[in-house]
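Q: Hi! I have a structure open here and would like to talk it through. Could you help me read it?

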Amino acid sequence: MAIRNILKKGDDLLLKKSREVDRFDARLAMLLDDMADTMRAENGAGLAAVQVGVLKRAFVAETENGVIDMVNPLLIYREGVQEEGEGCLSVPGEYGITSRPAVVKVKAQDRKGKWHIYKAEGLRARCFCHEIDHLDGILFTERIIRRIPEEE
Ligand code: ZN
């Protein structure tokens, strides 16, 4: 377990599309554990593999039941709209209101390769969409409909 360096906006890797995970091995488990440690050390709600420089389709997210691993996540359902504040560990000092689905269902594999379906709303739905965007090389700043000054 280790805390990894988080890439910041301006690093080209953050704009690349991540590749599907096809090996569910000890190396993947170590990556996911490091990502969870790094997210917690930085008080983040979610962290994608590309943010620590690994172009794999995986992210971790904080939930009421602890950290969950989301490998090869697919957005399979979306409903409604929410417009709320958002930020990103890779984009320090920038905040804004984004438009995201109010409710989503995401299908994803765990670190062993087993598929699960997660339903999320509110903050967690925003987090899932934000992290899936990272896997496609999209930063939340592209989704901002209204900026929020840092002081507010
Ligand atoms: Zn982010």
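Q: Let's start with R100. Which side chain does the side chain of R100 make a polar contact with?
A: That partner is D133, and the two side chains come to 2.8 Å in their polar contact. Keep in mind that this is a predicted model.

Q: Okay, and where does R100 sit in the chain?
A: R100 belongs to strand β5, which covers residues 95-100.

Q: Is R100 buried or exposed?
A: R100 counts as buried, because its relative accessibility is 5% and the cut-off for buried is under 20%.

Q: What else is R100 in contact with?
A: Leaving out neighbours within four places in sequence, the contacts of R100 include G80, V81, Q82, R126, C129 and H130. E86, D133, F140 and R143 are also on that list.

Q: You mentioned E86. What does E86 form with R100?
A: E86 and R100 form a salt bridge, with their closest N and O atoms 2.7 Å apart. E86 is in strand β4 (residues 82-86) and R100 is in strand β5, so this pair ties together parts 14 residues apart in sequence. Both E86 and R100 are buried.

Q: Which residues does D133 touch?
A: Setting aside residues up to four places away in sequence, D133 touches R100, I138 and R143. The side chains of D133 and R143 are joined by a polar contact of 2.8 Å.

Q: So which residues are linked in a network of salt bridges?
A: The network links E86, R100, D133 and R143.

Q: Nice. How many salt bridges does the count come to?
A: The count comes to twelve salt bridges. One of them joins R4 and D34, whose closest N and O atoms are 2.8 Å apart. R4 lies in the segment before α1 (26-41) and D34 lies in helix α1 itself, so the pair ties together parts that are 30 residues apart in sequence.

Q: Are those two buried or partly exposed?
A: There is one of each. R4 counts as partly exposed, at 28% relative accessibility, whereas D34 counts as buried, at 5%.

Q: New topic: the surface. Which residues make the nonpolar surface patch?
A: L74, I76, Y77, W115 and I117 make a nonpolar patch of about 490 Å².

Q: And which strand gives the most to the nonpolar patch?
A: That is β3, with three residues. Strands β3 (66-79) and β7 (115-121) each supply at least two residues of the patch.

Q: Let's pick L74. What does its accessibility look like?
A: L74, which is in strand β3, has 43% relative accessibility and therefore counts as partly exposed.

Q: Last one. How many disulfides does a search of the whole structure find?
A: Zero disulfides turn up in the search of the whole structure. C127, for example, is in no disulfide, and the nearest cysteine sulfur, that of C129, is 9.2 Å away. A pair of cysteine sulfur atoms has to be within 2.5 Å to count.

Q: Is C127 buried or exposed?
A: C127 counts as buried, at 9% relative accessibility. C88 is also a buried cysteine, with a relative accessible area of 12%.

Key: Residues numbered from 1 in each chain as written. Predicted model: local features only at pLDDT ≥ 70, side-chain atom pairs only at ≥ 80, totals over all residues. Heavy atoms only, no water. Buried < 20%, exposed > 50% of the residue type's maximum accessible area, 1.4 Å probe, protein only. Helix = DSSP H or I, 4+ residues; strand = E, 2+ residues; numbered from the N terminus. Contact = heavy atoms within 4.5 Å. Polar contact = N/O pair within 3.5 Å; in protein donor to acceptor, adjacent residues only side chain to side chain. Patch = residues over 30% accessible without salt bridge, like charges linked within 9 Å, V, L, I, M, F, W, Y side chains within 5 Å. Areas by Shrake-Rupley, 256 points an atom, 1.4 Å probe, with all protein chains shown as cover. Salt bridge = Lys/Arg side-chain N within 4 Å of Asp/Glu carboxyl O.
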